[in-house]
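Good morning, everyone, and thank you for making the time. I would like to walk you through one structure slowly, taking a few places in turn, so please have a look at it before I go on.

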Amino acid sequence: MSQVRILSFRLVINKTMKINLWYSTSQQQWRWTLCDDSDTMRQESGQRPFLRDAMEDVAKTVEYMLECKQSE
């Protein structure tokens, strides 16, 4: 059975985003999901072999989602 570590935190910038981040030992990948509480139909996800790359993807996705919200 593969070991999985789950990190979960919330980002609050005039709204709440839920970010889940975990390492899958069987796939040797850092995996993540990002959900926007103000738009329940919006969910993003990704995976990378290195933590720093996964966190960079999460940061870029959050920035993109915030830009999209500002333009609405």
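Let me begin with a term: two strands are said to pair if DSSP finds at least two bridges between them. Please also keep in mind that what you see is a predicted model.

With that term in hand, we can turn to strand β2, residues 16-24, and strand β3, residues 29-36, which run antiparallel and are joined by 8 bridges. The hairpin that these two strands form has 4 residues between the strands, and in that hairpin Gln28 takes a positive phi near 55°.

Is Ser24 buried or exposed? Its relative accessibility is 7%, and because the limit for buried is under 20%, Ser24 counts as buried. If we leave aside the neighbours within four places in sequence, Ser24 is in contact with Gln29 and Arg31, and there is also a polar contact of 3.3 Å between the side chains of Ser24 and Ser26.

Next come the aromatic rings. How many aromatic pairs does a search of the whole structure find? The search finds 1, and this pair is made by Tyr23 and Trp30, whose rings lie 5.1 Å apart, centre to centre, with 55° between the planes, an arrangement described as tilted. A pair of aromatic rings is described by the distance of the centres and the angle of the planes, which is why both values are quoted. As for accessibility, Tyr23 is partly exposed, with a relative accessible area of 24%, whereas Trp30, at 15%, counts as buried.

Let me move on to helix α1, residues 51-71, where we find Thr61. Thr61 counts as buried, at 15% relative accessibility, and, not counting residues up to four places away in sequence, Thr61 touches Trp32, Leu34 and Glu44.

Finally, a word about cysteines. How many disulfides does a search of the whole structure find? The search finds 0.

Terms used
Residues numbered from 1 in each chain as written. Predicted model: local features only at pLDDT ≥ 70, side-chain atom pairs only at ≥ 80, totals over all residues. Heavy atoms only, no water. Phe/Tyr/Trp six-rings, centres within 6.5 Å; stacked < 30°, edge-to-face > 60°. Buried < 20%, exposed > 50% of the residue type's maximum accessible area, 1.4 Å probe, protein only. Disulfide = S-S within 2.5 Å. Contact = heavy atoms within 4.5 Å. Polar contact = N/O pair within 3.5 Å; in protein donor to acceptor, adjacent residues only side chain to side chain.
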